[in-house]
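Keep the structure open as you read.

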Amino acid sequence: SAPNSPNTPLSSALIKPPLPPTVVRLLQASQLCFLSTSFGNDPHLSLMNFTYYQEEEVVIMATKRDTKKFRQITRSNTVALLIHDFPHLKLNEEGGPESPREDSGENDGGGAAEGRARSSSCTYSITLNGIAEIATGDFAERLRGIHLKANPDYAQFIQRNEELSTAGKPSPAIVAVRIESARICNFKDQVKHWNKGDAAKARGE
């Protein structure tokens, strides 16, 4: 496939620029996202557990093969992800994970209010557009292991089910998404755009 073809496989040797720090921090702090797929003028939205694997700049998810999103990805693999830093993520003002707050023994609720104020002051919503691939073979099982290690509480949705798997088609399937662009919006509705082409130009590539 051509380098920018919608059906270019993720596992091909493509140069992928690093994502900007704000996106990386939120991806590392999050476990859930909304996945948007579409085919034949029929959009679909799914709440998904995910793992961001920075070493290869991919977002990993798992899905059963008899789902609408799986069918749509196999027919049109351009997707969008929406990730929001809900207060439970406890991001600090720089967008990184907050250090645990020591308990002074005087729990009057002030600490919780302070935490909410800090969370609301650094709220981000990030829309990621990318190319999804149904991973296969050793590549799929390697990503499955990474996803499972990062999300042990979701093991029942990630582990391979031998009863439902067939030759060359493990279930649940592993979906890998290569991020092509990002739209970052903070709580003041200030929007920044990022795409891999502009990022490469900025680095002189």
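Predicted model: local features only at pLDDT ≥ 70, side-chain atom pairs only at ≥ 80, totals over all residues.

Setting aside neighbours within four places in sequence, Leu27 touches Leu19, Phe50, Tyr52, Ile83 and Leu128. Now, what is the largest nonpolar core made of? It has 27 residues, and Leu27 is among those with the most contacts inside it, along with Val23, Phe50, Met61, Leu81, Leu128 and Val177. Which one gives the most? That's E7, with six residues. Apart from this core lies another one, of ten residues, including Ile60, Ala62, Phe139 and Ile174. As a general point, nonpolar side chains in soluble globular proteins tend to be buried together.

Now for the charges. How many salt bridges are there? The count comes to six. Take Lys68 and Asp42, whose side chains meet with N and O 3.1 Å apart. Lys68 sits in helix H2 (residues 68-75), while Asp42 is in the loop between strand E1 (32-38) and strand E2 (43-49), so this pair ties together parts that are 26 residues apart in sequence.

Arg142 and Glu56 form another salt bridge, at 2.8 Å from N to O. Arg142 belongs to helix H4 (residues 137-150) and Glu56 to the loop between strand E3 (51-53) and strand E4 (58-63), which means the pair links parts 86 residues apart in sequence. Arg142 is partly exposed, with 37% relative accessibility, and Glu56 is partly exposed as well, with a relative accessible area of 23%.

Finally, look at Glu162 and Arg160. Their salt bridge has its closest N and O atoms 3.2 Å apart. Where does this pair lead? Salt bridges with shared partners join Glu162 and Arg160 to Glu141 and Arg144 in one network. Glu162 is exposed, with a relative accessible area of 55%, because the cut-off for exposed is over 50%. Arg160, with 36%, is partly exposed.

How values were computed: Residues numbered from 1 in each chain as written. Heavy atoms only, no water. Salt bridge = Lys/Arg side-chain N within 4 Å of Asp/Glu carboxyl O. Helix = DSSP H or I, 4+ residues; strand = E, 2+ residues; numbered from the N terminus. Buried < 20%, exposed > 50% of the residue type's maximum accessible area, 1.4 Å probe, protein only. Core = buried A, V, L, I, M, F, W, Y, C linked by side-chain atoms within 4.5 Å. Contact = heavy atoms within 4.5 Å.
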